[in-house]
Amino acid sequence: MNPKLPYILLVGAAVIIFILSCMLLSRGGQSPSCESQPNVVEKTGSMSQSLVFADLTPEEMSQVVRYLQGHLGVPLVDASRAKPSDNCIASVDLQVPAKAEVLRFLDAGGARPPREALAVLYFGNQAEPNISEYVVGPLPTPAYHRDVTVQRYGGKVPYHRRPMLGSEYEQLGVFLQKKAFTAAPTFMQEVLEYDGANVAFQTTVPHGFQSGDRVTWFVLFQNVSGFFVHPVGLEVLVDHSSLDISQWVVSRVFYNGQYYRDMAQLESAYVQGRISVEKVRKVPWDGDFSSMKPRAPPAALFPVQFEPQGPRYSVRNNHVLFQAWSFAFGMSVSTGLRLFDIRHKGERVAYELSVQEALSVYGSNCPGGMSTRYMDGSFGLGRYTSPLVPGVDCPYLATYVDTHSLSDSLRPKKRKASLCIFEQNLGSPLRRHYSDLQSLYYGGLVNSALVIRSIATVGNYDYVWDFIFYQNGAIEGKVQATGYPSSSFLHGDGLRYGNRLWEHTLGTIHTHFVNYKVDLDVGGVKNSLVAHDMAFEMTRAPWSPEQQIERPRLTKKVLDTEDQAAFRLQSKMPRYIYFAANSKNKWGHQRGYRIQITSFAGDHIPEASSMERAISWARYQLAVTRRKEEEPTSTSIYNQNDPWTPTVTFADFINNETITNEDLVAWITAGFLHIPHSEDIPNTVTVGNSVGFLLRPYNYYDLDPSIYSHDGVFFTSEQDFTACEINPLACLPKTASCLPNFPPFTYDGFRNM
């Protein structure tokens, strides 16, 4: 043995100890990782009860499909491959139980309502093709089905009203490529440099001018990133009303301001030099000016919000608890995000809050643009809910929830992280006061609220849907619009219909209207609608009778009927309008929840229009009706393709029934006008493009319930406001100096496309 070895080992050990000591000392200067604290949750009902509203699981959807395949006695083709002449399952969604059944279960210990699905089927392979809706149950093991189409709509739904399947879009794409474009080979090659893959198209709706039509304009764009603002000037009208794809035909063509009978006539006119050609500069695949790739390199990181002691809310299945709030959530295939059984301090204030429809009406001097009236529910606000990007779409540390849907396929589709829930410090006080008169003190409460969000990308537009819960008992429903503006090819008098966004791009003027269903249950199911406002009265000053005073006074009115409670968009509405309970607060006032709308909507469409009744909900900024199970929604997915004979007409809901001491529903419409401008390139921002409503307690409590929030701050001039026990803000250097645990960034938005 080498006599020096023990000394070498001893020196090596000393070096290792020294290095470890240095590492420990250096780590001592860093903040520890944040630790999640146990959630403190008030008991506001069983979380398992919320499952009565839960979306169908993938397993339940598959069970429904298998049941229908085995019990309808007709062949069912996978909708992803179906031809118009086939039978197929278009969608499967939760059949929400009747409200009376649910309330017996939630409030009176009644039986849990049977779990059922609503399946929409297209029967194209029948003597009389039609759309049928079936309720299938009980889940998870179906044993029965019943056709509810006549019950829901008063008759069979004609087949031409069916929303287009993805397979029909694909078949139309093949038709354009192999039949339409081949009729004008010279024009397509020389003018558009068409190579079979460099054009994209956008469809328009509704499909024609009268019931039974299925004739659609296809607007062509360069197939690049952000293609919506790269029109090439060519639009093609296709008649695809026949269930036999071989019978589809081009019935009109538009190019650069001129109309042609078909593609062959366009080709002939071009070859003979009788066309004014406006050749569009070919842009690279990234879209050039429409690219959303940042034009600046990364710099200092933007502010990031974190929770020093972990989330102060909990999410279990479809149930959320946050401070005094609790609610259940779900995602409808057609209407998107919806909430049920919303309670504050354990008492239900609303049974349902849900999106109903998103409408856009366009103008242009091109046929596709001027005929477009999008009713996005028919495409599917839930179906097109998109995966969310942590740190941009929602705070990085939000809770992300996967959603599932079954539409256009026999297999359920998973949309990972397509719904988010988070508490947000809004950076301003919910309330505060600084006193330097008489006594010296400060009192305030940070405005921290819970947000549940989904984002639907329907074609060119992205809608950010929020429901926000505040500590004072208020709820906000809000939508923000972003995405790309739709556009037409700029020609002729195009500037009458929008602004020029690029060389050949006309940003077309359009409206946005959004409709919500708000089923408030204030102090119970039975409510009345009351309006308060202000009027000036002239009075003599009692201490100086020769002088007059203009004195504001309170005006009060009970709105007794549905007609009185239907407020047209441009009409004057009482500034305080609320659902009143049959109970009073400590001060003798009827407990209530006030409806406050934020909207900049103009006219939706002239009422003389042949299609107006299909969107008659948009006549009203607010309409309050009796709640009826046979009036579950303000519109129908079938209204889009036959607005001339609407399947559901909201205006018929309003028939002057009494609404005093009844179960009531408020239908709220908010909207704005969008005239695209140069700052909409590369795409539209959310700032200024936001509308919605607030539900606010109005004498519902004896005082502001947020006074009981643990987040309150109060100190006087005589107190040591640097002490933690006096002022919780003084504790921040200790309680909020930890390092948040940011998980690795992941995104599944491009999988299984």
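Cys731 is buried, with a relative accessible area of 13%. Here buried means under 20% relative accessible area, exposed means over 50%, and partly exposed lies in between, using a 1.4 Å probe and protein chains only. This is a predicted model: local features need pLDDT of at least 70, side-chain atom pairs count only at pLDDT 80 or more, and totals for chains, interfaces and linings use all residues. Residues are numbered from 1 along each chain as its sequence is written, and side-chain values use heavy atoms, leaving out hydrogens and water.

**Disulfides and other cysteines**

- The structure holds 3 disulfides, a disulfide being a pair of cysteine sulfur atoms within 2.5 Å.
- Counting bonded cysteines along the chain, the pattern is 1-6, 2-3, 4-5.
- Cys34 is joined to Cys738, with an S to S distance of 1.9 Å.
- Cys34 lies in the loop between α1 (5-27) and α2, and Cys738 in the segment after α9 (732-735), so this pair ties together parts that are 704 residues apart in sequence.
- Helices (H or I, at least four residues) and strands (E, at least two) are DSSP runs, numbered from the N terminus.
- The torsion about the S-S bond of Cys34 and Cys738 is about 85°, so this disulfide is right-handed.
- Both Cys34 and Cys738 are buried.
- Cys394 and Cys420 form a disulfide with their sulfur atoms 2.1 Å apart.
- That pair links distant parts of the chain: Cys394 sits in the loop between β16 and β17, and Cys420 in strand β18 (residues 413-437), 26 residues apart.
- The link of Cys394 and Cys420 is left-handed, with -80° about the S-S bond.
- Cys394 is buried at a relative accessible area of 3%, and Cys420 is buried at 0%.
- Cys724 pairs with Cys731, S to S 2.3 Å.
- Within this pair, Cys724 counts as partly exposed at 35% relative accessibility, whereas Cys731 is buried.
- Cys88 counts as buried at 1% relative accessibility.
- Cys366 also counts as buried, at 0% relative accessibility.

- UniProt lists Asp376 and Tyr461 for "active site" in an unreviewed entry.
- They span 86 residues in sequence, yet no two of their C-alpha atoms are more than 10.0 Å apart, so they gather at one spot.
- The UniProt positions are given in the numbering used here, with feature names shortened, and annotations may be inferred rather than shown by experiment.
- The unreviewed UniProt entry also carries the annotation "modified residue: 2',4',5'-topaquinone" at Tyr461.
- Tyr461 is found in strand β20 (residues 461-469).
- Tyr461 is buried, with a relative accessible area of 2%.
- Not counting residues up to four places away in sequence, Tyr461 touches Tyr362, Ala456, Ala481, Thr482, Gly483, Tyr484, His510, His512 and His674.
- Contact means heavy atoms within 4.5 Å.
- Asp376 is found in the loop between β16 (373-375) and β17.
- Asp376 is buried too, with a relative accessible area of 5%.
- Leaving aside neighbours within four places in sequence, Asp376 is in contact with Glu357, Ala358, Leu381, Val458 and Tyr463.

**Helix α2**

- Helix α2 covers residues 58-71, and at 1.5 Å a residue its 14 residues should span 20 Å.
- The end C-alpha atoms of α2 are 20 Å apart, which agrees.
- The expected span of a helix is 1.5 Å times one less than its number of residues.
- Buried residues in α2 are Glu60, Met61, Ser62, Val64, Val65, Tyr67 and Leu68.
- The cover over these buried residues of α2 includes strands β1 (87-95), β2 (116-123), β3 (130-137), β4 (144-147) and β17 (399-407).
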